[in-house]
Structures are given as C-alpha cells and as structure tokens.
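Thanks, everyone. Please have a look at it first.

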Amino acid sequence: MSRDRSPRRLRRRDRNALIAASLAVLSLSASGCVVVHGEREVLPAATRAEATKALTAFTAAYNKADKAFDSSLDAPYVTGPFGDIDAARLKAGHTNSPSGNANHVPLKLTDVKITIPKKAGWPRWFVADARGNKAGNARWLLVFTRNGLGERWQVAYLTLVAPGAVPRFRTDGDGWAEAVPTTSAQLAVAPGKLSQDYATYLQKGGSTFADGTYTSAERADRAERANKPGLVTQFIDKPLTGGNYQPLALRTADGGALVFFTTHHYEKRTVAAGATMPAQNRDVQALTKGEVKQSLTLELMSNEVVLDPAGSGAVSMLGRVPGLTSAQGQ
C-alpha cells in the first residue's frame, strides 16, 4: 500500500496534531492540572507535612545508625558537611566497638519549629529547630535539602546553638520564609563569601566576625597551641562552597540573614626530633592511616551558622560543629 505524503496532506496532519496538543493543554489548565517547572517557579520548598515526615525519618535512621555504629543505616538521609562528620564518627565507633554502641541513647527532638522558604530553583531546603535530649539544653538546627522531586530529603547541616539564639524569620501572609541569594549585596557579607572570609579570619584575624567562642577565642587557643615546647601545630583553613556544601541563608525579621556554611580544615602536629607524639584518643586512632612517628595531620569538616546583619556590621557566629573525618600519621 502507498501512503499519501503530499505537502498538503503533511501540513494538514501537522495542523491537526497542533490543535490536539492545544486542546490537551486547555483541558489540563481548565481542570487545574498544569505542569509547574520547579526550576523557575517560586514555590514553598516543601509542605509542612512533608517536612515533618522528613524529620521523623531522619531521626529514626540516625538512631539506628548510632545504636549499631553502622553508617549505611543513615547514609541515605545525610549529605554535605554533616554527612561527612556523621560517617566518620560511625566509622570510628564501629572500629572501636564492632558489636555496636553500648552507650546509645536515642535522640529525641521536641518543641520542633519548622521554617520553609519559598523559592525558585534547586536545591529546595528547609530548617528544623528543635530541643534535643543531648548536648545539654542546646537547640538543634537541622537543614534538610534535596536536588530534585524524586530525591529523598537529607540533612546537610546540623549545628547546635544556645536557647534563644535563633532569630525570628521574615515570613509572608501564609507563613513561608524568604531564602536569601548567595550573592546578596544587602548583607554585611554575601552568604557565598562567608566560607572564604571565615577561613581567612582564622588565619589572619580582622573585623569581619564579632568576638566570641568560635572567633577570637578560637584564634587565641590556636596561638597558645601553635608552639608548645617540643610540639609545633600548624593550621590550614579552606573554604568549601560547591554542591552539597553550598551556603544556605534565610531572611531574618530585621532584614539580615541566618546563614549556614561549611569550612574545611587541616591541623598538623609535629614533635621535635627524639620526642614522642602525645597519645591520641581511640576515635582519632581509629581514623588514622599510617604510623605516627613524628607528625600527625588531622582533617576536619565544620558546620557553621551565623547571623549576617543587613547593611554593615560584624557577623555573629551562633554555632560551630567541627568533626574529624580522617588523620594521617608520618
């Protein structure tokens, strides 16, 4: 059989296909079933029910992993700096106690407050602020992220702050918060620059950050440890801003921002010739490769959360949770 492929017949077929497609779009629009492009539309990052479910799932997985000292049990629920710290902690625990964590106490989060920004593009993310039953009366700030609709929510940042330190956030009439771009020029420091600025501050000081435990006191402690008799300690600090380590910022009610960011650190301890390296704890030993003869280099990842004021002023460090991820002996 032959088919009519005349230009007129082809034009008619194309026109009919276009009309059918247009009618389908109109039908979907009329019924309210329209395709929304998450990479362009400004939408809440999650529903409140979805965020609550994600927090419950993470807590259950975290407790299973902690009890068994098995990182495979919560690996699907963590990422970024917290994922690195958590995996190393569980690895060390398993090395020292293969049968599991005899001191396991299940994490319980209460008085939960969830803040969900309305934004375009990926990653989508939200913040859970809760009271934990560990680390005294500190508030636990967990940042959940995901990079696509088919992905699981994962905790990228977990920081601890003092009660009352979490600011009020700017929200719209429906209670959705406002995400701040990493390039924002409305703040004392653009969120995307905080990792580099903090790494520079730890090395050289300056006025970017307000005095406190994680800033001026940290530098003073380093200075004291740098040149002890028979032991020299060197510090290297690096920014980390790509992929799952990118900074995330929420607009506060006063126009500033609460910003979560990551830094990467190395600490090299070297003893004088003929001296002995001070003994390391069991967790450090579990993560150390090579034989410690004259030096030991520690690699650490760190979660930070700061208040970045609007306009100008010093950035205030609210919380910092560093964690050893590996070590190398020489």
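I start with alanine 135, which is partly exposed, at a relative accessible area of 46%. Alanine 135 sits in the loop between β4 and β5 (139-146). Its phi is positive, about 60°, although alanine 135 is not a glycine.

Before going on, a word of caution: this is a predicted model. The mean pLDDT of the chain is 90, and 88% of its residues reach 70 or more. Where pLDDT is low, the predicted coordinates should not be read in detail.

Now the overall picture. The chain has 330 residues, and 42% of them are buried. Its secondary structure consists of six helices and 14 strands. Among contacts with a separation of 6 or more, 68% are between residues 24 or more positions apart. The accessible surface comes to about 17300 Å², and carbon and sulfur atoms account for 53% of that.

Next, the backbone again. Aspartate 111, in strand β2 (residues 109-115), also has a positive phi, near 50°, and is a residue other than glycine. Is aspartate 111 buried or partly exposed? Its relative accessibility is 36%, so aspartate 111 counts as partly exposed. Then there is the peptide bond between tryptophan 122 and proline 123, which is cis, with omega at about 5°. Proline 123 belongs to the loop between β3 (117-119) and β4 (124-132).

On to the helices. Helix α2 (residues 48-68) contains aspartate 66. With a relative accessibility of 6%, under the 20% limit, aspartate 66 counts as buried. What does aspartate 66 touch, leaving out residues up to four places away in sequence? The list is Arg89, Leu90, Asn101, His104, Val105 and Lys134.

Helix α2 packs with helix α3 (residues 80-96), their axes being 10 Å apart at an angle of about 30°. Angles under 35 degrees count as roughly parallel, and therefore α2 and α3 are described that way. On the α2 side, the contact is made by Phe58, Tyr62, Ala65 and Asp66; on the α3 side, by Phe82, Asp86, Arg89 and Leu90.

The other pair I want to show is helix α4 (residues 194-204) with helix α5 (residues 216-226). How do their axes cross? They come within 9 Å and cross at roughly 45°, and α4 and α5 are therefore oblique to each other. The crossing of α4 and α5 is right-handed. Tyr201, Leu202, Gln203 and Lys204 of α4 make this contact with Ser216, Glu218, Arg219 and Arg222 of α5.

Staying with α4, its buried residues are Leu194, Ser195, Asp197, Tyr198, Ala199, Tyr201 and Leu202. What covers them includes α5, along with β9 (231-240), β11 (257-271), β13 (295-308) and β14 (316-329). The C-alpha atoms of threonine 200 and aspartate 237 are 7.5 Å apart, while 37 residues separate the two along the chain. Just after α4 comes glycine 205, with a positive phi of about 80°.

That is what I have. Questions are welcome.

Note on methods. Residues numbered from 1 in each chain as written. Predicted model: local features only at pLDDT ≥ 70, side-chain atom pairs only at ≥ 80, totals over all residues. Heavy atoms only, no water. Helix = DSSP H or I, 4+ residues; strand = E, 2+ residues; numbered from the N terminus. Buried < 20%, exposed > 50% of the residue type's maximum accessible area, 1.4 Å probe, protein only. Contact = heavy atoms within 4.5 Å. Areas by Shrake-Rupley, 256 points an atom, 1.4 Å probe, with all protein chains shown as cover. pLDDT = per-residue confidence, 0-100. Axes fitted to C-alpha atoms, helices over the stretch in contact; angles between N-to-C directions. Parallel < 35°, antiparallel > 145°, perpendicular 65-115°, else oblique. Left-handed = near helix turned anticlockwise from the far one by under 90°.
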